[in-house]
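Hi everyone, thanks for making time this morning. I'd like to walk you through a structure that may be new to you, so please take a look at it with me.

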Amino acid sequence: MERLRIAVAGAGVIGRRHIEEIAKCDATRLAAIVDPSPKADDVARANGVPRFASLDDLMQRVRLDGVIVATPNAFHVEQALACLAAGVPTLVEKPVSHTYADGVRLCKAVERSGAKLLVGHHRRHSPILRKAVSIVKSGELGPIVAVMGSAVFYKPDTGYFDGVNAWRRQPGGGPILINMIHEVDNLRAMVGEIVAVQAMASSRTRGFEVEDTVAINLQFDNGALGTFLLSDTAASPKSWEQTSGENEAYARCDDDDAYAIIGATGSLGVPTMRVRRYGSAQARSWFEPFQVRVEPVERQDPLANQIAHFAQVIRGEAEPLVTCRDGLANVRVTEAIAEAARTQRRVDLA
Ligand SMILES: NC(=O)c1ccc[n+]([C@@H]2O[C@H](COP(=O)([O-])OP(=O)(O)OC[C@H]3O[C@@H](n4cnc5c(N)ncnc54)[C@H](O)[C@@H]3O)[C@@H](O)[C@H]2O)c1
């Protein structure tokens, strides 16, 4: 079968990762790059494809099967709408939109047109997350009572926050908007829809204007409660990045968890996939030992799986695993966490 022609808009950090995965995937090939920066010429040359300065130029000149929008957040909605108007299936990086209101506009356009749009919450394509979801759905943990999650890691002091990256010291550049949206997507997949949040944020350790550490309370529509600890200045491996081993760029700590999903009959550590259950309903007591097993999971790169899935979506063999509405729900919860931290009030989402 002929390879699908994919263009990547935004040849930055994540755009270049997509370009690598497009080349590795049997079903796809890179057709062009869109990036106004002449720096992207090197990427285009290395991949033997043309570079266009704008999406309009690209659409007029190249026949495409799909576009990946990996540009700064503020461009996502307008560029996705341009792809929709041209009838080209689109993978939009997270966050699907810069603001909730803009995201609503995009979702309505997608739903009106029946366009194929996938949102780049790549962890949904993780075998670890998939297995965690299937264990929860199997009911063996019982009704979910609570979830404890963490993304506590240490971002390097030099490079990450200075020079051209100094915007990361300012409001909007912190871990709530950059990192938490991935965790919100994980939490929604494993536990359910989030209906209310509370949050306390601190900038004490780094001393930047933006938060460096946040404690978050969550309420789910199924009644479960959750806590989540987020910090980019914490010497700890308790994050998806360092425990999952899915991205080799991060140092690996595979004996720790980022999540504990806790039901009335058992609990699951993710990503160690350690399941602890009582042998019977009668044996449920803190005086009784747990039966323990580790569920095997094959490690795979979710970004690679995501490209393969995008190819299936383009060919009509699959529906988008992460829809525009999913991406929008993640934006909504993330915005609510930022609002709760700012106002020191509970924010209801229902
Ligand atoms: N899924 C993930 O894990 C993940 C990881 C990193 C970034 N992201 C998301 O990907 C997007 C890009 O992030 P990044 O870290 O790669 O940023 P980046 O700054 O490294 O790259 C952005 C690129 O877009 C180009 N660009 C700017 N305006 C453009 C336009 N109008 N049209 C085309 N290209 C344009 C820039 O020249 C630059 O090359 C963001 O939305 C971010 O949230 C997702």
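I'll start with the ligand and its surroundings, then turn to the charged side chains. Please keep in mind that this is a predicted model.

So, which residues come nearest to the ligand? There are 22 residues around it, and the nearest are Ile 14, Asp 35, Asn 73, His 76 and Lys 94. Sorted by kind, that shell holds 9 nonpolar, 10 polar and 3 charged residues.

Let's look at some contacts made by ligand oxygen atoms. A polar backbone atom of Ile 14 sits 2.9 Å from a ligand oxygen, and for Lys 94 the distance from a polar backbone atom to a ligand oxygen is also 2.9 Å. Thr 71 has a polar backbone atom 3.2 Å from an oxygen of the ligand. How much of the ligand does the protein cover? On its own the ligand has 850 Å² of accessible area, and the protein covers 74% of that. Two elements give two or more residues to the shell: helix H1, residues 13-24, and helix H4, residues 76-85.

Now for the charges. Side chains of opposite charge can pair when their charged atoms come close. This structure holds 25 salt bridges, and I've picked a few for you.

Arg 123 and Glu 241 meet in one of them, at 3.4 Å from N to O. Arg 123 lies in the loop between strand E6 and helix H6, while Glu 241 is in helix H9, so the pair ties together parts that are 118 residues apart in sequence.

Next come Asp 256 and Lys 238, whose side chains form a salt bridge at 2.8 Å, N to O. They link distant parts of the chain, 18 residues apart: Asp 256 in the loop between H9 and strand E11, Lys 238 in the loop between strand E10 and H9. Asp 256 is partly exposed at 21%, and Lys 238 is partly exposed at 33%.

Finally, here is a charged residue without such a partner. Glu 211, in the loop between strands E8 and E9, is buried yet has no salt bridge. The nearest side chain of opposite charge, Lys 155, is 8.5 Å away. What does the side chain of Glu 211 reach instead? It reaches the backbone nitrogen of Ile 176, at 3.0 Å.

Technical notes: Residues are numbered from 1 along each chain as its sequence is written. This is a predicted model: local features need pLDDT of at least 70, side-chain atom pairs count only at pLDDT 80 or more; totals for chains, interfaces and linings use all residues. Side-chain values use heavy atoms; hydrogens and water are left out. A residue is near a molecule or strand if one of its heavy atoms lies within 4 Å of it. A polar contact is a pair of N or O atoms within 3.5 Å; within protein, one must be able to donate a hydrogen and the other to accept it, and residues adjacent in sequence count only if both atoms are side-chain atoms. Accessible areas come from the Shrake-Rupley method with a 1.4 Å probe; for residues, only the protein chains shown count as cover. Helices (H or I, at least four residues) and strands (E, at least two) are DSSP runs, numbered from the N terminus. Ala, Val, Leu, Ile, Met, Phe, Trp, Tyr, Cys and Pro count as nonpolar, Asp, Glu, Lys and Arg as charged, and the others, Gly among them, as polar. Buried means under 20% relative accessible area, exposed over 50%, partly exposed in between (1.4 Å probe, protein chains only). Lys and Arg count as positive and Asp and Glu as negative; His and the chain ends are not counted. A salt bridge is a side-chain nitrogen of Lys or Arg within 4 Å of a carboxyl oxygen of Asp or Glu.
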